[in-house]
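Please have your viewer ready and follow along.

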Amino acid sequence: MASSLKDFAEERQAGRTLWAWHMTLGDDLYNEIWDALQDEKIGARTVVLWLRSLGHTDVTDGKIKTIQRAKRR
């Protein structure tokens, strides 16, 4: 059992598998979204609506924001 918050956080991180929703997207689609988000004229909401029109019904603004924080593939 962790004796400090720092130890707890390190143990928790060590046991986690890094995964994000955007990892399920193909590289071309992901990069198109990533590129569009860099041009501040297209926001997460627009991307959500576009992806839903393509059949990605589980997408949310929060999931799109993970792409903004990630690196281009």
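## Ground rules

This is a predicted model, in which local features need pLDDT of at least 70 and side-chain atom pairs count only at pLDDT 80 or more, while totals for chains, interfaces and linings use all residues. Residues are numbered from 1 along each chain as its sequence is written, and side-chain values use heavy atoms, leaving out hydrogens and water.

## The nonpolar core

A nonpolar core here is a set of buried Ala, Val, Leu, Ile, Met, Phe, Trp, Tyr and Cys residues joined through side-chain atoms within 4.5 Å. Buried means under 20% relative accessible area, with a 1.4 Å probe and protein chains only. The largest such core has 13 residues, and Ile33, Leu51, Ile64 and Ile67 have the most contacts inside it. At least two core residues come from each of helix H2 (27-38), helix H3 (44-53) and helix H4 (61-69); helices are DSSP runs (H or I, at least four residues) numbered from the N terminus.

## H3 against H4

H3 and H4 pack at about 115 degrees, with axes 9 Å apart. Axes are lines fitted to C-alpha atoms, for helices over the stretch in contact, and angles run from 0 to 180 degrees between N-to-C directions. H3 and H4 are therefore roughly perpendicular, a label given to angles of 65 to 115 degrees.

On the H3 side, Ala44, Arg45, Val47, Val48 and Leu51 meet Asp61, Ile64 and Lys65 of H4. This contact divides into five nonpolar, no polar and three charged residues. Ala, Val, Leu, Ile, Met, Phe, Trp, Tyr, Cys and Pro count as nonpolar, Asp, Glu, Lys and Arg as charged, and the others, Gly among them, as polar.

## H2 against H4

The axes of H2 and H4 come within 9 Å and cross at roughly 80 degrees, which makes this pair roughly perpendicular. Tyr30, Ile33, Trp34 and Leu37 of H2 make the contact with Ile64, Ile67 and Gln68 of H4. By class, there are six nonpolar residues, one polar and no charged.

## A look at Leu37

Not counting residues up to four places away in sequence, Leu37 touches Ile42, Gly43, Ala44, Val47, Ile64, Ile67 and Gln68. The C-alpha atoms of Leu37 and Lys65 are separated by 9.1 Å, with the two residues 28 apart along the chain.

How values were computed:
Buried means under 20% relative accessible area, exposed over 50%, partly exposed in between (1.4 Å probe, protein chains only). Angles under 35 degrees count as roughly parallel, over 145 as roughly antiparallel, 65 to 115 as roughly perpendicular and the rest as oblique. Contact means heavy atoms within 4.5 Å.
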